Amino acid sequence: MSTVVGAVLMLGILVSALALYQVNVVPDENQAVEYEHNQQTQSQLQDLRNTVVSIPGGGSGGADSVSLGTSYPPRSMTVNPPPSSGTLASESLGEITIENATSIDGDEVPIENWSRETYGLTYTPGYNEYRNAPTTVLEHGFLYNHHSNNATIPIGDQIVIDGDEITIITMTGNLSISSSSTVSVQTRAFSTSSNTVSINQTDESNPITITLPTTNYEAWNDSLRESDSVLEGSIEEAGTTDQPAIRFQLVNQSYSLQMAEVGIGDATRADAVDRVSYMTVVDEFAPTAIVEVRDVLNNPVRNVEITNEGDGILRSTSTGSDGQVRIDELEAGDTVKLSIDGSDVDIEFEVRAGSGSGGEGDGASPAYWVDWQDPSGQDSVDEGECNENACVVTGNEINLTMETDDVADGARVEFSVNNTSVGTVSPNTGWTDSAGTNTTTFTVSDVAEDGDSVKVFTSSGSDGDTITLTISREADGALTFNDQSVQPEGAVEVEGVWFSNTHNGDATVVIENSTETVIGERTVDANGDYSIEVDHDSFDSDEELTAILYENENRTNELERDTAAVVVNSTSQFESVSVVVEEHQNQGLESATFSYNLSEEATVEFRILDENGEFIKSVQNSGSSAGSVTISLNGNNRETRPYLLEAEIIDTGEVCSRMIENSDGEGPFDICD
C-alpha cells in the first residue's frame with residue numbers, strides 16, 4: 001500500500017512541476033525567441049531603408065527580405081502557442097512642402113512653394129509574449145522605433161538635411177502584408193538621377209521652410225535639433241490631427257537639393273508625358289544644343305516625344321534615358337523652340353556662339369557621334385515599344401548595334417550595363433566595320449523579373465550613347481490558322497505558332513467549333529507548325545473553326561486566336577470491304593477473310609482487335625485496288641466475341657470498322673456501313 005501511495009505522490013509532483021514549467025519557463029523562453037526575432041527584423045528593415053535611401057542619385061531599388069513573425073523551438077512535454085505574426089503596411093502621411101526657396105540654376109526649375117504627397121512604412125509585430133515590442137517606422141528615409149510608452153529610438157540618421165545637402169525621398173503605393181513568415185518587399189525607382197538643384201532662400205527675411213508629415217513629432221524633433229543647418233527654435237508641430245507634421249526652417253545659405261520617388265506595393269509609374277514638369281537647357285552653344293526634360297522631382301523623363309518649332313535639327317524626336325534631346329546644325333543667334341506632344345510644357349532660347357559640348361562637358365565636339373540603332377524588327381522585342389532610346393525586351397536575347405555618324409572604320413567600341421542582375425552584354429568590346437557599326441548581344445538574366453530595366457552603354461572615341469531596356473516577362477504569342485481541307489477522322493494544321501515567357505516554357509493550342517466547344521487540343525513546346533487531331537463529328541464541312549493559343553493548359557491567359565474555314569474531304573477510297581469470319585465452337589475466332597475494292601491503288605492494313613481496341617493481329621496488302629486477305633488465329637491468340645475488325649488506308653488514315661457482337665453471323669458483311 002505504501003508503494004502505491006508513494007507512486008501517486010511522485011506522479012503528482014511531476015505533474016505540478018510540468019505545470020509550473022509551462023506557466024513560468026515556457027513564456028520566458030518564448031519571449032527571448034521573440035526578442036531575438038525583433039532584433040533580426042529591425043536589421044532587415046534597416047537593409048530595406050538602405051535600399052530606399054540609395055535610390056536618390058540613380059539607384060534602381062531592389063527586393064529585401066523581412067521576417068514578419070517567428071516560430072518557437074519544439075517541446076516534447078510542454079505546449080507552444082501558434083507562431084507569432086506581424087504586419088508591414090504603408091499609409092499616406094500627407095504632403096512634404098518646401099517654401100521660400102528659389103533655384104539658383106535657372107528660373108525654369110519650379111521649386112518655389114513645392115509640395116508632394118508621400119507614404120510611410122510601418123512594421124507592427126504581434127508577439128505572444130514580448131508585448132512591449134516597438135513598432136518600427138520608415139519615414140522620408142528615417143528609420144526609428146516607437147515604443148508603447150511613447151519613447152522613440154532612432155535606427156540610423158535622418159537624411160533630409162545634412163549640412164548643405166537636402167534629400168527628399170517620396171514614397172508611393174499601397175502595401176499591407178500580415179504573415180508569420182519572411183516576405184520580400186520590392187522597391188522600385190520611379191524617379192531618380194544624379195541631378196541636384198542649387199537653391200537658396202527667396203529673400204533675407206524668409207528662410208527656407210520644410211514641412212515633413214510624420215506620425216511621430218518627437219522622433220524627428222530629436223534628430224533635427226542635431227543639425228547645424230536647422231534654425232534654432234524653428235522646429236514646431238504642424239499639419240492636422242489626422243495628418244500631423246513637423247515644420248522647421250534652415251539657416252541662410254545655399255543648398256544642394258536632390259529628390260527621388262520610390263514605388264512600393266501596388267504602385268505604378270505614371271506615363272512619361274504626365275510626369276513632365278519642365279525643360280531645362282543643358283548646353284546652349286552652337287553647333288549642338290542640349291535640352292533635358294524633367295519631372296517635378298528634377299529628374300529626367302525618358303521616352304517623351306519632342307517637336308522642334310525653331311531652328312536646328314533634332315537628332316531624335318524622343319528623349320533618351322537621360323531625358324535629353326540634341327539639336328544639331330545650329331549657329332549663333334538661332335532660336336531653339338521645343339514643345340512636348342500632349343503637354344503644355346515648352347522652352348525657347350537663343351543659341352550662343354561657341355562649340356556645343358554634345359554632353360561631353362568640356363566644350364569641344366567629338367570627332368564623331370556615337371548612337372544606338374533602333375533594335376526593332378527582332379522577334380524578342382515589342383515592336384510598339386522600341387526605338388533607338390528605349391526598348392521592351394520580350395525574349396531572352398536582343399542584338400544591339402551602334403553606329404558612328406561620320407563613319408569611323410576600325411574604331412574601338414566598348415559596351416557595358418549598369419545592372420548585371422538584369423542582363424549582360426557579350427562581347428564587351430569590338431571594332432567598327434567599314435560601315436562604322438559594331439554589334440553586341442544583350443542576354444536577359446535568369447533572375448530578371450517583369451518590369452526590370454537596365455541601361456546599356458556604348459562608347460567610342462569621345463562620345464557615347466545609352467539605350468534603356470525594360471524586361472517584359474508577360475507571355476506573348478501568335479499563330480496562323482489557314483483555310484484547309486482535311487480527311488475524315490484526320491487533323492487540322494496550325495502554322496506559325498510562336499510564344500515566349502510562358503510559365504512552363506510551353507503553351508496550348510485549342511481548336512473550337514462555331515459554338516465554342518473544344519474539339520481538339522495540343523501542348524506545344526516550341527515555335528513552329530503543328531497538326532492537331534480534332535473531333536470531326538463536332539463540326540460541319542465549311543464551318544469556321546477557331547484556333548486559340550493559351551499560355552498554359554488551364555487556358556487562363558489567351559495569347560492569340562485566328563479563324564479558318566475547314567472542309568472535310570468526305571470522298572472515301574473504300575468502295576467496299578466485306579468480311580467472312582470462321583469460328584470454332586467454344587474456342588473463339590479462327591480467321592477473318594477481308595475482300596475489298598478501292599477507288600485507286602493503296603496500301604491497306606487489316607486488323608483484329610479486342611473489344612477495348614487492344615491490338616491482336618494484322619496484315620497489310622499493297623499495290624492493288626482490289627483483293628482478298630485472310631488473318632488466321634490459333635491457340636491462345638483466338639479471340640472470343642465481341643471483337644473489332646478494322647481496315648485502314650495507310651496514306652490517308654481513312655478507317656472502316658465493325659464490332660462483331662454475339663448476335664452477328666459469320667458473314668459475309670460490309671464493315672464500311
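A residue is called buried under 20% relative accessible area, exposed over 50%, and partly exposed in between, with a 1.4 Å probe and protein chains only. The model is predicted, local features need pLDDT of at least 70, side-chain atom pairs count only at pLDDT 80 or more, and totals for chains, interfaces and linings use all residues. Residues are numbered from 1 along each chain as its sequence is written, and side-chain values use heavy atoms, with hydrogens and water left out.

Cysteine 386 and cysteine 391 have sulfur atoms 2.0 Å apart, their link is left-handed with -100° about the S-S bond, and both residues are buried. In the disulfide of cysteine 656 and cysteine 672, the torsion about the S-S bond is about 105°, so this link is right-handed. Cysteine 656 counts as buried because its relative accessibility is 8%, whereas cysteine 672, at 28%, counts as partly exposed.

Turning to the sheet, strands are DSSP runs (E, at least two residues) numbered from the N terminus, and two of them pair if DSSP finds at least two bridges between them. Five strands form an open sheet of mixed pairing, in the order 35-41-40-37-38. Strand 35 (484–486) and strand 38 (518–524) each have a single partner strand, so one side of each is left without a neighbour in the sheet. Within this sheet, strand 37 (residues 507–512) pairs with strand 40 (residues 543–550) in the antiparallel sense over five bridges, and threonine 508 stands opposite tyrosine 550 in strand 40.

Technical notes. Helices (H or I, at least four residues) and strands (E, at least two) are DSSP runs, numbered from the N terminus. A disulfide is a pair of cysteine sulfur atoms within 2.5 Å.
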